[in-house]
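Please examine the sequence and the model before reading each solution.

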Amino acid sequence: MTGDALVSHIQRYSLHDGPGIRTVVFFKGCPLRCRWCCNPETQRREREVSYRPARCIGQAACGFCAVACPVAAVAFPSGSVATIDRERCTACFRCVSACPSRALKAEGEWKTAEEIIDVVERDAAFYLHGNGGLTLSGGEPLLQGTFLTDLLQKAKRRRLHVAMETCGYGNYTLLAAAASYLDLILFDIKSLDRDKHVAYTGQPNDLILENFNRLCTDFPSLDKVVRTPVIPGFNDTPVDLEQIRTLLRGHPNVRHETLPYHRFGVEKYAMLGRTYALP
């Protein structure tokens with residue numbers, strides 16, 4: 001949709017994605033497929049159906065979703081828990097509308113920049129102390145194209161502190177345009193080993209490192225936090241981490257944070273009909 005962006009969800013009162021109390025906008029769509037991703041609902045660039053079996057009433061008491069599905073993608077082989085044929089599903093979301101218990105959910109909602117800013121400004125009173133504000137995350141915000149800069153312009157007109165989290169794999173012209181409005185950028189650098197980066201994220205790291213170096217050169221005064229999720233078997237050795245710290249030395253206004261591995265998002269994969277890639 002022109003002038004809109006596909007948003008996974010908006011999280012209010014966050015304390016982990018920038019200074020102070022933040023409102024975090026999670027966009028849908030990401031160029032990477034990190035094996036450990038804890039937000040798989042943000043990976044794809046289209047809306048999709050998720051299913052929470054614990055909320056399902058069952059076919060005997062309900063079954064409205066199966067009746068509503070025009071392509072028979074929803075069934076109750078056991079009678080109590082539904083299954084979704086993902087290959088057959090056309091994402092019409094009639095099953096979601098028919099579900100009274102909200103076991104079925106549409107992942108992704110189209111939002112205008114004004115609608116996003118309106119949600120953020122509801123918590124404006126909390127941003128006055130501690131540099132709280134808006135954080136753009138995902139997925140990958142750079143995939144939103146010119147919508148991203150339009151949203152950032154509107155946020156700065158409201159005098160909001162704005163941060164953006166990025167995997168760095170994107171168009172540098174858009175990254176630079178966004179950086180001119182940002183107060184803080186959270187830039188993920190996961191590994192300097194190209195082969196391992198491909199194996200664990202699906203993409204090489206060349207563009208990411210090039211974009212980071214150009215960003216440091218073109219925006220030396222921008223506050224930058226490089227984040228590295230420490231993943232067992234991928235980048236958890238002293239050598240891996242020291243390589244990243246060596247890269248960062250000499251760049252102005254750069255801090256390094258390591259993030260611990262966790263499995264909080266594992267159950268989301270089953271809800272989306274996918275398999276977690278880092279068992």
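Predicted model: local features only at pLDDT ≥ 70, side-chain atom pairs only at ≥ 80, totals over all residues.

**Exercise 1.** Determine how helix α5 is oriented against helix α6, and which residues meet.

*Solution.* Begin with the geometry: α5 (residues 146-157) and α6 (residues 172-179) pack at an angle of about 5°, and their axes are 9 Å apart. Angles under 35 degrees count as roughly parallel, so α5 is roughly parallel to α6. Next, identify the contact: α5 contributes Leu148, Thr149 and Leu152, which meet Leu174, Ala177 and Ala178 of α6. Finally, classify these residues: five are nonpolar, one is polar and none is charged.

**Exercise 2.** State the strand order of the eight-stranded open sheet and identify which strands stand at its edges.

*Solution.* The order reads β7-β1-β2-β8-β9-β10-β11-β12, with mixed pairing. β7 (109-112) and β12 (254-260) each have a single partner strand, so one side of each lacks a neighbour in the sheet; these are the edge strands. On average, neighbouring strands are turned by 30° against each other, direction ignored. Within the sheet, β10 (residues 184-188) and β11 (residues 223-230) run parallel and are joined by five bridges. Phe187 stands opposite Val226 in β11.

**Exercise 3.** Describe how helices α5 and α9 are placed on the strands.

*Solution.* Consider α5: this helix lies across β1 (4-14), β2 (22-27), β7, β8 (133-137) and β9 (161-166), and runs at about 155° to β9. Then consider α9 (residues 238-248): this helix packs on the sheet and touches β11 and β12, its direction making about 160° with that of β12.

Note on methods. Residues numbered from 1 in each chain as written. Heavy atoms only, no water. Axes fitted to C-alpha atoms, helices over the stretch in contact; angles between N-to-C directions. Helix = DSSP H or I, 4+ residues; strand = E, 2+ residues; numbered from the N terminus. Parallel < 35°, antiparallel > 145°, perpendicular 65-115°, else oblique. Contact = heavy atoms within 4.5 Å. Nonpolar A, V, L, I, M, F, W, Y, C, P; charged D, E, K, R; others polar. Pairing = 2+ DSSP bridges.
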